[in-house]
Amino acid sequence: MDAHLAVRARGITKCFGEVVALDGIDLDVARGRIHGLVGPNGAGKTTLLGLLLGLAVADSGRLEILGTPTGRTFEDPGGVAGFVDAPGLYPSLTARQNLAALAALRGDDTRSAGIDDALEQVGLTDVADDRTRGFSLGMRQRLGLAAALLARPRLLVLDEPANGLDPAGKKHVHGVLTRLAGEGTTVVLSSHRMDDLEALCSEVTILATGRVVFSGPLGELAAGDRELAYRLITSDPARAHRLAAAAPGVRLAADTAGRHGGEALVVHAPVPALDALVAGLVHAGIALRELAPVVSPLEAAFLALTEPRVAESRDTRQREDDAIDPRRQRAEAQPQEAGQ
Amino acid sequence: MTAAMTPAAPGNRTASRPVSVARGYRFEVVKLVSQWRVRLLVLACWIAPALFVAGVSEQSTLPTDTLFGRWMHATGWAGPLVTLGFAGTWALPLLTSVVAGDVFAAEDRLGTWRHLLVVVRSPRRIFAAKALAGLTVILLLVAGLAVSSTVGGLLAVGDRPLVGLDGRLLAPGDAAVKVLLAWVCVLAPTLALAGIGLLGSVALGRSPMGLLLPALVALAMQLAQMLPLPVAVRLALPGDAFVDWKGLFTSPAQLTPLLIGIAVSLVWAVTATALAYVLFLRRDFTNPADDGSARRAVTAGVLPLAALLGATVAVVAATTTAQGSGIEQTKVERSLATEFAHLYRMQTRQLHRPAVTEARLRATAACGKAGVQDGARGPGNDWRCVVSWHLPGVAATGSAVYQLDITADGRFVADGDGPKEVNGYFLVRTPTGDAPNPLWQFDGDVDLLSTSPKG
C-alpha cells in the first residue's frame, strides 16, 4: 500500500438486499488531509463512512485503512474514530459525564483523558455540566466531535458534522478539524454544505447512486472549460452589459436585475472567457468592484455531475417498474387513449 | 487550556485496547443509574415496602386475601411475605419490564448503536455487558423489596414467631431463614422474565411492545394460573415459582413443586437470553432500518419459547406423578386436619387451657365438594369439611365445620362454620395483644405433587 494514504479503496461494493449502496468505489485519501464526501441523498455516503469506521465490510473489493486491509465486521484498525448518522449521546448524562463514561469505556483514566480540553476545543466548556437532553443539534454535533477527539484518532470519520451548527459552532469545528489535519490526522467528512467543504477540504469525492463521479482536489472542479455563473459589480453597469453581450464565450443571465439588483451583472462563462471579459472591462476604463461565482465551483460541479446520473437512475428505475408492472402501463395509457 | 490532544503516533498501530466486558458493564451501569426512572425505582423499592408493611401493620384491617396477611399484627416476618406475594404478581414483572425490557431498546431509541459499536467493536461483549448490567439493577431492586419489607415488619411489629401454612409455629430464626429462601427462590422466575425482557428488547427494538413484553407474559401466566390447568402444565409455566415458595412454610416442606418451578424458570431464563443473544448477533447494524421486526420476533422469539413450553410440559408430565389439578380429597383432608391440630394447640395456649399434643388430638377431616363426598377433586370455593378430634379424658369426639376456598395453585382459605366456641369469631389474648381466634379463618396449602394415600 502507498504509505502516504490513510484510506485506499478499490472496487468496493456493498448491497443491502437488492439495493446497491456502493457500486465499485475507488477512493484514495492521503494522510493529514481533510477529504470531503458529497452526494445526493442515498448516494452511499453514510455506507462508505460506515465501512471506514468498521461497522460493516464490503461485499467485494479491497479496503485498506491506515495501512491495514479490513476483512471482517467490527475489526478495529486502530486509530479510527468518528460517527455516522449522528453522534451517540446519552441524554441522562451531562456533556462531561458522556465523555467521561466514554473514556472509561475505552480504558482511559478519566482525569487524564483530556475531557476538559476536548470540551474547550469544541466550545462546550460552559455547558459541560448540563445534561445533553437539552442540547441543540449543533451542540450535539460538537460534543460528538469532542467524543471522537478523546480517542486521539489518526483517521477521523464524520457524517455531516456541520448539521445544525451556528457560526460560532462552525468556527470551533473548523478550527479543530484544521488543527487536527495539521497535526497529521486524516479527516473524512460528509456534508451537504458546499461552503463548509470548500472552506475545509483539500480534496473531495462526489458520489452519485453508489458510484464515484469525481474524486480529487477542489481546484480541479473549477478548472477546465466548465461554464459557471458569475456576478459582477462594475462602475458602469450599462457599458459593462454591452461589453459582456459582445464578448465571445460569455452569456448574459436572463434575469440579472431581478435577484441580483440593478447594479449587478450576471454572466455564464468558462474561466478563460471570464478572464477575457475582465481584461476588456479594465481596458475600457470600467472599474470592477466585485466578482464572485453565483454558485460555488463545488456546488456547480456537484449539480452538473450528479443530476444527470440521478435522473438517469430514476428513469431506469421507472422503466424497470413499468416492466415489472405492465398493469400500471395499461392504466396510465387508458386516460390517454380516452382523451384521443 | 490544557495541552491540545494530539493524534496517536502514526506508528502506534496498537493504540486502541479492546473494550472488556467489565468496562462495558460499568458503562452500562452508569447509563442505567443515570436515568431518573431507574433511580426512582431503586428508591421506591428500598423505601416503599418498609412504609407499606409498617403502615398496614398499624391498621385494624389486614390484607387477609394475601398469604400471611392475617399474621401481620402477630409478627414482623409476615410483612416481607405479603410483599413477596404482591411483588410476584405485579412489582417484579413491571420492574423487569422497565429494566430488562429497555436495556437494548434504549440504544435504538437514542440512535446510539453505531456509536457504541465503533467504540466496543464486539456485539458479544456489548450483549454480555448489557445483560449483566440489567441483571445487577434487577437484583438491586429485588434486594430492596426484600430488605425494606423485612426491616419495616421487624421495626413495626417485632421479631416474633410466624405461623406456617400447616399451622406450625416457626421460631423467629426459622422464619428468617425461610423468608430469605422464599425471596431467593423468586429470583428464578424474575430471571425468566428478565430473559424474556431482553428478548423483547432485542427483537422488537424501539417498539413499546418490547418494553411491555415481560409484564404481558407475566399477566398471561397469572391468568393461566387462575384456570384449573393440569398440574403438569401449571408447573411448566415459568411464573409458577412466583407462588411455589409457599411450600417452604409447611412441614415437611413442599420442595418438589418449588424445585421444578425454579428449574423451569431457569431454563426459560437461559433459553430466552440465548435467543436474544443470537438475534442480537444476527442484527445488521449498518442498516438503519433494521431495528427488529415483528416477523423476526415471532420466528426467533415466540416460536422457540412456545416449543420450550411444550417440552417442559412433556418433561414435567413424564417425570412426576402429577395428574389432573393435583387437588384431591384425601390431600385436602390431610392438610386441613394437620393444620387444625397445630392451630388447636395454639388456641389452647392462648386460652390458657391444659396443653395437648397433636398426637393426642388425632384430628381427622372429612371433606366433600359440591355434594361429592368420595373422590372430590379440583379447585373451588364449594369444599366443605368436617374436622374431628379427640380430647384427652373426654369420651366424646369434637367436630367443627369449615368451608374451604381452594385456588388452582393449592392454596386454601378455611373459614370456620361452627361451632362458634371452636372456630367462630372471638378475640383471644396473645402476648402481642388481642387477636382473632386462630381456628376461625386460616390459610393452608395442598401439595399438588404429593401422592394420596389410598384406602
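Predicted model: local features only at pLDDT ≥ 70, side-chain atom pairs only at ≥ 80, totals over all residues.
Colleague: Which residues of helix 5 of chain A are exposed on the face turned away from its buried side?

Modeller: Helix 5 of chain A comprises residues 167–182, and its buried residues are Gly169(A), Lys170(A), His172(A), Val173(A), Val176(A), Leu177(A), Leu180(A) and Ala181(A). These cover an arc of only 160 degrees around the axis, which means that they lie on the same side of helix 5 of chain A. The face turned away from that buried side carries the exposed residues Pro167(A), Ala168(A), Lys171(A) and Gly182(A).

Colleague: What is the bridge partner of Tyr230(A) in strand 13 of chain A?

Modeller: Tyr230(A) belongs to strand 11 of chain A, where Tyr230(A), together with Leu228(A), Leu232(A) and Thr234(A), points to one face and is buried. Strand 11 of chain A pairs with strand 13 (residues 264–269) of chain A in the antiparallel sense over six bridges. In strand 13 of chain A, the partner of Tyr230(A) is Val267(A).

Colleague: Which residue of strand 14 of chain A is the bridge partner of Thr234(A)?

Modeller: Strand 11 of chain A also pairs with strand 14 (residues 288–293) of chain A, in the antiparallel sense over five bridges. The residue of strand 14 of chain A that bridges to Thr234(A) is Leu288(A).

Colleague: How many residues does domain 2 of chain B bring to the contact with domain 1 of chain B?

Modeller: The domain assignment of chain B gives domain 1 (21–319) and domain 2 (329–445), and their C-alpha centres are 35 Å apart. In the contact, domain 1 of chain B supplies 20 residues, and domain 2 of chain B supplies 17 residues.

Definitions and conventions:
Residues numbered from 1 in each chain as written. Chains lettered and ligands numbered in written order. Domains from an automatic or database assignment. Contact = placed C-beta atoms within 7 Å. Buried ≥ 20, exposed ≤ 12 C-beta atoms within 10 Å, placed from the backbone. Helix = DSSP H or I, 4+ residues; strand = E, 2+ residues; numbered from the N terminus. Pairing = 2+ DSSP bridges. Expected span 1.5 Å × (residues − 1). Arc of directions from axis to C-beta.
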